[in-house]
Amino acid sequence: MNSTLKRVSVACLLMFGLLMANVTYIGTVKADGLRSDSRNVRGFYARYAIDRGWITADNGKTTLAKTVDTGDKTYRFEREYPLGKPFTHVVGWFAPESASGIEAAMNRYLDGSHPDLVVRRAIDMVSGKPAKGASVDLTLNSKAQEIAYKDLAGTGKRGAVVALEPKTGKILTMVSVPSYDPNPLAQVNKAKVNAAYNKLDKDDNKPLLDRAIDLTFAPGSTFKTVTSAAFLSDDTSRDENTQVDAPDSLPLPGTSISLPNYHGESCGGRATLVQALTISCNTPFAIMGMDVGYDKLKGQAEKFGVGQPLEIPLNVAASNIGPDEGKAALAKTAIGQQSNQMTPLQMAMVAAGIANQGTVMKPYLVNKIMGPDGAEIDGTDPEELDEAVTPEVAGELTKMMIGVIENGTGGAARLPGITVAGKTGTAETLPGKPSHAWFISFAPVEDPKVAVAVFVESGSAGNDATGGAVAAPIAHDVMQAVLGR
C-alpha cells in the first residue's frame with residue numbers, strides 16, 4: 001500500500017471514529033435533552049402513542065389516573081383524572097411537555113421505558129401493538145383522602161393533612177389545599193395547557209404548591225412533643241409525673257423580653273410534664289429546651305427525621321429547627337417558634353414515631369407496581385428510618401398526649417370507644433398576622449393504625465384560630481375514616 005492510500009485510509013478511519021463518537025454522544029449524553037426539546041415534534045406525538053399505565057389506590061380498587069384510547073391516529077391515548085382535586089398534588093398531571101407528582105416520579109414505569117419492562121416492550125414492538133406501561137398502586141386510603149380534602153376545602157381553609165400507618169410508614173392521606181383540577185393540564189393542546197398552568201401559577205393562593213411536603217411552617221406547640229422527648233431521654237429517671245417549673249412569664253436570657261404562656265394564662269408556677277403538655281404551657285417547655293441545650297434538641301429532632309433527605313418518591317422539603325442563636329432563641333425554638341420550620345409530613349412522622357414505640361418508619365406512597373398483564377413487578381417493603389426514642393420514653397409521651405385529648409385542648413379529636421393521643425399547636429407568624437393552627441394525633445393508642453398531622457394556614461380559618469378548634473376536628477374525621485368508624 002503506497003503512502004497516498006495509507007493517508008486516505010487513516011483519514012477514513014478517523015472520520016468514522018468521529019462519526020461513531022458523535023452518534024454515541026447524541027444517543028447518551030444529549031438524548032434526554034433532545035427528547036424534551038420543544039422543537040422535537042416526533043417526541044411530542046410519541047407521548048400519545050403509549051398506553052400509559054394507570055395510577056390507583058386501595059389495592060387497585062380506586063382509579064386516580066387512567067388512559068383513554070381515543071382512536072385518533074395523532075393523539076391516540078389521552079390521560080384523565082376521574083377524582084380530580086383531592087388527589088392532584090400526589091398524583092400530579094401528565095402534560096404535552098411535562099409532568100408532576102407520581103406521574104413524573106414514576107414515569108419510566110408508567111410509560112413502559114423502565115428496564116423491568118424490557119421484555120414487554122420487545123413483545124409489543126414485535127407484535128406491532130402500542131407500547132403499554134405498568135400501573136402504579138398508591139398507599140392512599142381514598143375515603144380518608146376525600147374527607148380530609150372536604151374538611152379543608154369545603155370551609156375555605158388553606159393547609160394540609162397527612163396520615164401515616166405508624167408500623168409501616170404507608171402514607172394513607174396526603175392532601176394540600178387549595179388544589180386544582182389536573183384535567184385541563186392533561187390536554188393535548190399546548191396553548192390551552194400553558195394558559196391553564198399560567199393562571200394557576202399567578203394565583204396568590206399558590207395552588208401548585210403542595211403544602212404537605214413543599215413548604216415548611218412554624219409548628220407551634222406540636223413541637224413540644226419533640227422537646228419532651230429530648231427532656232425525657234436526657235435523664236431516664238424522668239417520667240410524666242416529673243415536676244417542672246412553670247412560671248406565668250419567663251425572662252429570656254440576655255434580653256429584656258419575657259416569654260408568656262398562651263394568652264397570658266397561668267400554669268401555677270409548678271406542673272408535672274403531663275399537666276404542662278395537657279394545658280400547653282409555654283414556659284416549662286422553654287425551660288426544658290434551654291436545659292437540654294441546642295445540640296441535644298437538634299439531635300432529638302433529627303431522630304424523628306428532621307433534616308434528613310426524603311423521597312416518597314416525591315421530593316420532600318427539609319424541615320429544620322433553625323440555627324443555634326443562643327439561649328433566648330432556643331427557648332422559643334423549644335415551643336415551635338423562632339426559626340423552627342416543619343412540613344406537615346414531618347409532624348405526622350413525629351406522631352407516628354411516638355405511636356410506634358419510638359421507631360420512625362420511612363414514609364412511602366407507592367404500594368406496588370403491576371405490569372401490563374396485571375402481575376406484580378415490585379412492591380415497597382417497610383423500612384426503619386431511625387429510633388427516635390426508647391419504647392419507655394414513647395410510653396411516657398403517649399400518656400402525656402392522652403392527657404391532651406382527655407383533659408386538655410384536643411378534646412375535639414376524641415373517638416367513641418377509642419383511646420386517642422394528640423397535641424394541639426397554635427404557631428405565631430408575622431407580627432399582626434393570624435396564627436397557624438396545628439394538630440397531631442394517633443389512634444388507637446393500644447394498637448396504633450393511624451397517625452395524623454393537620455395544618456391550617458394563617459388567616460384561612462379566622463383571626464383567632466387554634467389547633468384545638470380548627471385542626472383537631474379534621475384529624476378526628478380522618479382517623480375515623482381510616483379506622484372505619
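Hi everyone, let's start with strand β7, residues 243-246: Val244 and Ala246 make up its covered face, while Gln243 and Asp245 make up the uncovered one. A word on names: helices (H or I, at least four residues) and strands (E, at least two) are DSSP runs, numbered from the N terminus. Please keep in mind that this is a predicted model, where local features need pLDDT of at least 70 and side-chain atom pairs count only at pLDDT 80 or more, though totals for chains, interfaces and linings use all residues. Residues are numbered from 1 along each chain as its sequence is written, and side-chain values use heavy atoms, leaving out hydrogens and water.

Who sits beside β7? Strand β10, residues 269-272, runs antiparallel to β7 and is joined to it by four bridges. Two strands pair if DSSP finds at least two bridges between them. Asp245, from that uncovered face, has Arg270 in β10 as its bridge partner.

Which two cysteines form a disulfide? They are Cys267 and Cys281, with sulfur atoms 1.9 Å apart. The rule here is a pair of cysteine sulfur atoms within 2.5 Å, and by this rule the count is one disulfide. The link is left-handed, with -115° about the S-S bond. Cys267 lies in the loop between β9 (258-260) and β10, and Cys281 in the loop between α11 (273-278) and α12 (283-292), so the pair ties together parts that are 14 residues apart in sequence. Both cysteines are buried, and buried means under 20% relative accessible area, with exposed over 50% and partly exposed in between (1.4 Å probe, protein chains only).

Now to the open sheet. Its five strands come in the order β6-β5-β19-β18-β17, with antiparallel pairing. β6 (171-177) and β17 (421-427) stand at the edges with a single partner strand each, so one side of each has no neighbour in the sheet. From one strand to the next, the twist averages 5°. Inside the sheet, β18 (residues 436-443) and β19 (residues 450-456) pair over seven bridges in the antiparallel sense, and Trp438 has Phe455 in β19 as its bridge partner. Helix α16, residues 391-407, packs on this sheet and touches β17 and β18, its direction making about 70° with that of β17. Contact here means heavy atoms within 4.5 Å; axes are lines fitted to C-alpha atoms, for helices over the stretch in contact, and angles run from 0 to 180 degrees between N-to-C directions.

β14 (residues 366-370) and β15 (residues 376-379) run antiparallel and are joined by three bridges, and Met370 has Glu376 as its bridge partner in β15. The two strands form a hairpin with five residues between them, and Gly374 in the turn has a positive phi of about 90°.

That brings me to backbone angles. Most residues other than glycine have a negative phi, and most peptide bonds are trans. Gln338, not a glycine, has a positive phi of about 60°; Gln338 is in the loop between α14 (327-333) and α15 (344-355) and is partly exposed at 35% relative accessibility. Gln357 also has a positive phi, about 55°, and is found in the loop between α15 and β13 (359-361).

Last, the cis bonds. The peptide bond from Val177 to Pro178 is cis, with omega near 10°, and Pro178 lies in the loop between β6 and α9 (190-202). Ala443 and Pro444 are also joined by a cis peptide bond, with omega about -20°, and Pro444 lies in the loop between β18 and β19.
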